[in-house]
Structures are given as structure tokens and as C-alpha cells.
Amino acid sequence: MGASRIMERRRVGSLFLVAMRFLVLSGMFLGCFSASNQPIPSGLGNSLVFPIHGNVYPQGYVVVGFSFYSVSLNVGNPPKPYFLDIDSGSDLTWLQCDAPCISCIKGPHKPYKPHKNIVKCNDPMCSAFHWPSDPPCKSPQEQCDYEVEYADHGSSLGVLVYDFFSLPYGNGSVPGPSLTFGCGYDQNYPGPNAPFTDGVLGLGYGKSSIVTQLKNLGMIRSVVGHCLSGQGGGFLSLGDGFSDIPGMIWTPMSRNSGENSYLLGPADLLFNGRSSGVKGLSLVFDSGSSYTYFNAQAYKTALSLLRKSVNGKLKETADETLPVCWKGPQPFRYVSEAKNYFKPLALSFTKAKTQLQLSPESYLIISKHGNACLGILNGSEIGLGDSNLIGDISFQDKMVIYDNERQLIGWAAKDCNRPPKS
């Protein structure tokens, strides 16, 4: 079925697949992509390593925290580059698509154009995407439609397609696997602006994930890693080449039926090494969010303790960048100039006896006004309820590994400015 034959489908609420990922309102993406953005030969066994571009601030924005850490992937034959937001909080990879496009935003490249490569309803990948429900098809020969809705009510609607992905390995081989992804011809973004990317790279462990597809082809193990530099940039790895980094702290995943988020917990919130009184937090690790979100109790407690600790040293001030900001004796230029005013937080996993340290560098940004702003936000204000989400600000300068083979998540301090050695 060619591009002109793709059938439109109206948005039907009962078909929404809700994903734990958060889109933002932003119209500017300052990253610069070039030929140097091709996958880095890593020499680390069956691992694919891609350079990452972007940062938490100023390219990441608040409201619901769209990540502006992105990678470039070449898709099609001949291959064409597309810039995708890396998102460990969802499964489906999708590109904006000229099928034709009903509602697409201006992106770095022209929308992907399908070419008789539509996934049909009797294809196993259609069932994999809609699992545990059945595909909403009247006939096995119909096109396999998809719709994903994100927590901020942004969404992508389209049809599943398959095409070649150029994914060079560190050992020099250049495979071209045919993978299934979303051809999104109807995108909906809340607010006045939209992200300047071509789509989303879903890194979850669900059956429709690119990671799972590559595993089923025998090309990698189901392991994802990202290293986000606090100075901007970093690298993404698919495969298990970084699992043996010294100092890695491993904690078991929590798996809930019907949900493919990377969950951890329970965890207690510590402030300056002591109990804050907030206990039993369930956490989602989500690289698709620029900022970290706590539930109402954890947020109010952390904010109260931080306010007390800086009282008399810094003055709280209004700043459109984030809800809570502090002004110093002089404008701050870097987080390193403000960090000594603030105490560290930590999430202590009670069953695993491990901790995720949140130093001031892991929860502060410096605004364009020179204020130190809190990058931990109140998730209840955007409809997250009791959920807690760890976003990119708290992943900075750490190698984070999602090992689906062993059902473990690990992290270790690392210089993410340096690409992996060949």
C-alpha cells in the first residue's frame, strides 16, 4: 500500500496507549547535527553507540519536561537522517510521516515518506504493539494503526511501517535490519510551541520497542545505556558493552503487569544524609523528561528542607524559567558557583540497600538571569498523582544502564564528555 493509500483514522480515546513520558513546549533546538553524528565505533562487543546532542537547560523546557537529548538515526534505502528524542519512558519509535501529513510540526528534516511498507493487522508486530489488547482491526489485511498519548495529552497517530535502519557495529560490520516503527501523520502538542525533532526513539522494553526487535534478531542483548553530560551532549548505547563499568550500583527493577516503564522502589528520600520522613516512593527512570518530578508529599518536604537550608544565605526570587529560584549575592554563572549553598538529596532503596545520590548538580540549573533554579517539580500539578519520575537533570554525568536481561538498573559516576574507547 503506497503513501497515498494510507487510510486516515479519527482519534478514538479508547484506543489510546498511555505512556509515561512527558512532552514540552519549545520551539528552539540549538543542537548542531552533522556527518560527525553517525554512530561511534565502540569496539565493545555487540553494542551500538550513538553521540547525543542537547542539554537540560536551555534546550530542555519545563511544563511537562520534554527531553532535548537527541540522537541521529539513518532510516530507509537510501538512508536518510532523522533526529529523535531518546525516551526510556515509552516503547514505540515513530517519525513524522508524509502519508500525507495531517498535522505535523516543522522539524529538522522532511517527514518520512512510506513506500508500500505498511504493517498489516495480521503481522505479529501489530499484535506486539497493541498487546495485551487485540489490534482494533476489522480485517487481517487492514493497515495496523497506532496511537500513543503521553501524560501531558500530547499524542501521535499514524500507521505502523517497516524499513531499514543503518546501525554500524563497533566491530566494523554494517547491518541493515528491517525494523517496525510508527509513521506519524497526525501529531498533537499542547501549548503554543513544539519540539524541534523528527520523532521519538522509544527505549522501553515492550514488544514493539526497537531494543526488543534488535534482541529478537540476535543483534544485541536487551540492554540500554545513556551517559548525559552536564555540559551538554553524551552518548547512547544499545547492547551490553557498558555493563561492567567500575563502581556501577545495581538495583532490581519493579515490573508491573501491563506497564513497560523502568520502575524502581520502594525508596526513602534522604536530605543531607538523614531521613526526610518521606518513605516508600515508587520511581520511574525516564530519559524523555528534562526534569525530575516528585509526588506532592515528597516535593513539599524536599522544598521545605531546601528553603530552610538556604534561608539567610540566598533570596528566593521570581523567575519564569522554573517555579522556584534563588538569587545569590551576585548572579551565578554555573551550578558549581551555587552548589555550596545547597545540601545533597538521595533516594535510598530499602530492599536493595543502594542509593541514588542527588547532589546539587543533579537538581539545579542556572537560569539566563543568573539564578539557581530547582529542577525538581511537583508532579501532582501535571496529573502524575503519586508517581515519581527521575529525569535527565538527575542523570547528568552518570552512566545509567537498563539491563532487561537481568532486570536490573545500574548507575555510576562517569565523564560523559568522553566518547567510549575503541
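Student: Are Tyr262 and Tyr402 buried or exposed?
Tutor: Tyr262 and Tyr402 are both buried. Keep in mind that this is a predicted model.

Student: How many aromatic pairs does the structure hold?
Tutor: There are 13 aromatic pairs. In one of them, the ring centres of Tyr262 and Tyr402 are 4.4 Å apart and the planes stand at 35 degrees, so the pair is tilted.

Student: Where do Tyr262 and Tyr402 lie?
Tutor: Tyr262 is in the loop between strand S12 (249-252) and strand S13 (263-271), while Tyr402 is in strand S25 (residues 398-403). The pair therefore ties together parts that are 140 residues apart in sequence.

Student: And what kind of pair do Phe332 and Tyr341 form?
Tutor: Phe332 and Tyr341 are edge-to-face, with 6.0 Å from centre to centre and 65 degrees between the planes.

Student: Why does Phe332 count as buried?
Tutor: Because its relative accessibility is 7%, and the cut-off for buried is under 20%. Tyr341 has 24% relative accessibility, so Tyr341 counts as partly exposed.

Student: Which residues do ring pairs link into a cluster?
Tutor: Tyr82, Tyr112, Phe165 and Phe181.

Student: What sits over the ring of Trp250?
Tutor: The charged end of Arg406, at 4.5 Å from the ring centre.

Student: Changing topic: what is the strand order in the open sheet of four strands?
Tutor: The order is S17-S18-S22-S21, and the pairing is antiparallel. Strands S17 (315-317) and S21 (364-366) stand at the edges with a single partner strand each, so one side of each has no neighbour in the sheet. From one strand to the next, the twist averages 35 degrees.

Student: How many bridges pair S21 and S22?
Tutor: Three bridges, in the antiparallel sense; S22 covers residues 372-374. Ile366, for instance, has Ala372 in S22 as its bridge partner.

Student: What holds strands of a sheet together in general?
Tutor: They pair through backbone hydrogen bonds, either parallel or antiparallel.

Student: Now the helix. How many residues does H3 have?
Tutor: Helix H3 has 15 residues, 296-310. From the first C-alpha to the last, H3 reaches 21 Å, close to the 21 Å expected at 1.5 Å a residue.

Student: Which residues in H3 are buried?
Tutor: Among them are Ala298, Tyr299, Ala302, Leu303 and Leu306.

Student: What follows H3?
Tutor: Gly312 follows H3, with a positive phi near 85 degrees.

Definitions and conventions
Residues numbered from 1 in each chain as written. Predicted model: local features only at pLDDT ≥ 70, side-chain atom pairs only at ≥ 80, totals over all residues. Heavy atoms only, no water. Pairing = 2+ DSSP bridges. Helix = DSSP H or I, 4+ residues; strand = E, 2+ residues; numbered from the N terminus. Axes fitted to C-alpha atoms, helices over the stretch in contact; angles between N-to-C directions. Expected span 1.5 Å × (residues − 1). Buried < 20%, exposed > 50% of the residue type's maximum accessible area, 1.4 Å probe, protein only. Phe/Tyr/Trp six-rings, centres within 6.5 Å; stacked < 30°, edge-to-face > 60°. Lys NZ or Arg CZ within 6 Å of the ring centre and 35° of its normal.
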